[in-house]
Amino acid sequence: MQAFDTHTGLVVPLDRANVDTDQIIPKQFLKSIRRTGFGDNLFDAWRFRDEGDMTKTANEREINRDFVLNEPRYQGASVLVTRTNFGCGSSREHAVWALLEYGFRCIIAPSFADIFSGNSLQNGLLLVTLPDEVVGQLIERAQTVPEFSLTVDLPKQTIAGDGFAASFDIEPERKRLLAEGLDEIAQTLRYADAIRAFEEAHRHRMPWVFDET
Amino acid sequence: MHGRRRPRPCEARYAHSWMIRASIASLTMRGASGVAGKTLYDKVWDAHAVAERDDGMTLLYIDRHLLHEVTSPQAFEGLELAGRQPWRLDANLATPDHNLPTTNRAAGIGGIVDEIARTQVIALDDNCRRFGIRQFEMTDPRQGIVHVVGPEQGATLPGMTIVCGDSHTSTHGAFAALAQGIGTSDVEHVLATQCLAQRKAGNMRVTATGRLARGVTSKDLILAIIRHIGTAGATGHTIEFAGSAVRALSMEARMTLCNMSIEAGGRAGMVAVDDTTIEYLRGRPFAPSGEMLGEAEAHWRGLVSDPDAEFDRAAELDASSLSPQVSWGTSPELVLGIDEAVPSPEAFDEPARRELCERALAYMDLVPGTPIRDVALDRVFIGSCTNARIEDLRAAATVVKGRRVASSIREALVVPGSGLVKRQAEAEGLDAVFREAGFEWRDAGCSMCLAMNDDRLYPGERCASTSNRNFEGRQGHLGRTHLVSPAMAAAAAVNGRFADVREYL
């Protein structure tokens with residue numbers, strides 16, 4: 001996983017609440033057995049007017065010019081600003097893989113769904129939670145200020161750009177995982193002895209959850 | 001992941017008989033010692049907390065891990081690349097469900113026309129064989145939707161921690177299990193370590209008093225709950241469903257309730273153990289029997305919240321006043337009683353909800369003020385992990401019996417939740433009831449709930465569906481989904497439009 005320190009990037013506003021993971025990556029793209037190849041189909045039903053499938057390439061598709069991600073001025077954006085409850089719905093981690101592969105490194109919103117939030121952490125996608133009104137200001141700037149970029153500084157917990165500045169809260173353990181880009185499994189396996197000891201005691205307390213046959 | 005235990009004011013959206021209490025103080029009756037008791041969630045969490053990692057995350061021991069073909073291949077690949085082995089094989093149980101076709105099952109893998117879907121099913125077979133994980137393969141009569149199979153087999157037991165790479169894992173909370181959906185990295189993490197690294201969520205209690213009227217089901221109850229607390233109403237919290245209306249529900253109805261906790265933002269939903277729970281488990285293949293059952297039962301009886309337990313959030317409603325519900329929009333919180341009309345954006349106070357309403361009206365092609373009963377349908381889908389168990393099929397068949405699917409309906413599908421549900425329904429003659437009425441009777445799988453297989457809506461089609469999500473395109477590109485109970489779906493099929501199922505009973 002890519003470690004996160006500071007990142008400066010173009011901001012694209014997605015002025016919608018409750019963006020669900022079915023929108024982020026529609027189900028027909030979940031049939032892959034790999035972690036890559038999802039970026040071209042991020043927000044597929046909004047970016048394209050025709051129905052996509054895993055056999056069509058991007059240049060065969062009918063682009064929806066009205067969708068914000070397709071506007072020329074937002075090409076290359078790596079910071080997404082959006083509304084409340086982003087990432088609700090299905091647990092598909094493919095949503096996070098698609099966002100990262102498209103080029104997003106940071107998403108700013110008033111709130112995120114729980115499973116999506118955990119999946120983002122596992123893959124080095126920084127989620128910044130800011131109050132509704134601050135997000136509203138950012139969306140307005142991204143819509144009105146040409147080439148509006150933000151610098152996201154994880155160690156200092158700040159975002160800044162074009163005269164705008166704000167600080168954000170992040171739980172220390174999330175911050176550390178992101179900053180160090182740690183392998184979670186390796187982290188946990190450092191506690192292998194504790195897991196084994198727990199398991200032995202658990203087997204005595206609740207033997208019916210173990211299949212001894 | 002944002003789940004610090006702290007009292008947090010709820011969104012104050014008072015409606016109907018709902019009461020959302022905003023402060024912890026009004027909920028808590030502290031014991032004489034001054035220390036509050038434990039909730040059901042607290043108890044299951046505490047019994048599985050292995051250690052706190054030095055980064056502050058708790059390692060939660062996982063008793064049962066369910067796997068399917070869509071979210072597991074990358075996890076197995078990750079294990080292999082790192083040279084790791086599954087920690088405890090007997091904790092795992094796999095079955096393919098998401099992209100299996102629902103026809104021609106006997107043909108096995110060769111019968112899957114979609115090459116890419118076939119690759120995933122083959123990958124699950126290969127991975128299970130290679131790592132030694134028990135699987136009910138696609139032609140096994142025990143195959144089915146993973147959340148139907150677990151309880152049916154007794155692989156879901158009270159007090160367990162259960163995970164699966166699917167958000168509707170919350171279903172298993174009906175058994176007082178702590179059951180959560182996880183992403184693929186966590187699937188790999190659980191395979192490798194038997195633990196989930198997690199922060200504890202808050203406690204939320206949703207109490208349904210009174211009793212549901214005839215023809216009104218737990219599906220209607222959960223839709224009404226989501227309407228009133230919203231799709232983020234339980235974010236960061238584990239829900240406990242309580243109250244006389246919940247106690248009166250069968251286990252299958254409780255599964256429907258807990259299944260849609262995630263649509264309310266709650267990663268897990270739970271119901272305390274009672275006689276209904278224990279009766280359901282007797283004789284199931286993976287459940288304990290004999291002396292061990294007695295020991296287990298004694299433990300399970302304690303899986304209830306203490307009377308003086310604290311909840312960080314709470315909501316309450318009188319279930320007696322509920323009518324059958326129908327979702328009208330593209331979010332599970334956009335729901336109406338059968339006697340209500342499609343709202344206009346002005347009915348919502350907050351700008352974000354007004355905008356949601358406007359988008360939903362346009363996508364669903366509905367006009368404010370239209371009674372939901374006047375909305376005509378193209379298709380009907382009875383199935384999914386929400387509503388494809390035997391009681392669901394019985395309820396739908398009761399409405400359908402002696403009637404015909406309306407000629408305006410292009411297709412009406414019944415997709416049983418598992419091979420065993422299908423077999424049971426056939427033994428009861430339900431397949432004949434559905435077939436004679438003009439329904440198609442299919443093989444088990446997730447089917448048109450998420451349309452990864454060939455069962456899907458065409459652009460613009462409108463479907464009465466017993467599934468759980470009405471998101472844009474969920475059941476097919478530009479398809480329009482209305483969420484209802486199985487009995488309401490059956491009534492819509494024979495009427496061609498939504499109807500009050502109580503007039504059909």
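Strand S3 (residues 58–61) of chain B pairs with S9(B) in the antiparallel sense over 4 bridges, where two strands count as paired if DSSP finds at least two bridges between them, and where helices (H or I, at least four residues) and strands (E, at least two) are DSSP runs numbered from the N terminus. Within that pairing, Tyr61(B) stands opposite Cys195(B) in S9(B). Before I go on, this is a predicted model, in which local features need pLDDT of at least 70 and side-chain atom pairs count only at pLDDT 80 or more, while totals for chains, interfaces and linings use all residues. Residues are numbered from 1 along each chain as its sequence is written, and chains are lettered from A and ligands numbered from 1 in the order in which they are written.

The open sheet that holds these strands has 3 of them, in the order S2-S3-S9 (chain B), with antiparallel pairing. Its edge strands, each pairing on one side only, are strand S2 (49–52) and strand S9 (195–198) of chain B.

Let me turn to strand S7 (residues 161–164) of chain B. Strand S4 (residues 64–67) of chain B runs parallel to S7(B) and is joined to it by 3 bridges, with Ile162(B) as the bridge partner of Arg64(B). S7(B) also pairs in the parallel sense, over 4 bridges, with strand S8 (residues 178–181) of chain B, and there Cys164(B) stands opposite Gly181(B). In a regular strand the side chains alternate between the two faces of the sheet. For S7(B) both faces are covered, since Thr161(B) and Val163(B) on one side and Ile162(B) and Cys164(B) on the other are all buried, that is, 20 or more other C-beta atoms, placed from the backbone, lie within 10 Å of their own.

Leaving aside neighbours within four places in sequence, Ala396(B) is in contact (C-beta atoms, placed from the backbone, within 7 Å) with Ile382(B), Pro486(B), Ala487(B), Ala489(B) and Ala490(B).

Finally, the contact between the chains: which element gives the largest share of the side of chain A that touches chain B? The contact takes 55 residues from chain A and 62 residues from chain B, and on the chain A side the largest share, 7 residues, comes from H4(A).

Conventions: Two residues are in contact if their C-beta atoms, placed from the backbone, lie within 7 Å. A residue is buried if 20 or more other C-beta atoms lie within 10 Å of its own, exposed if 12 or fewer, and partly exposed in between; C-beta atoms are placed from the backbone.
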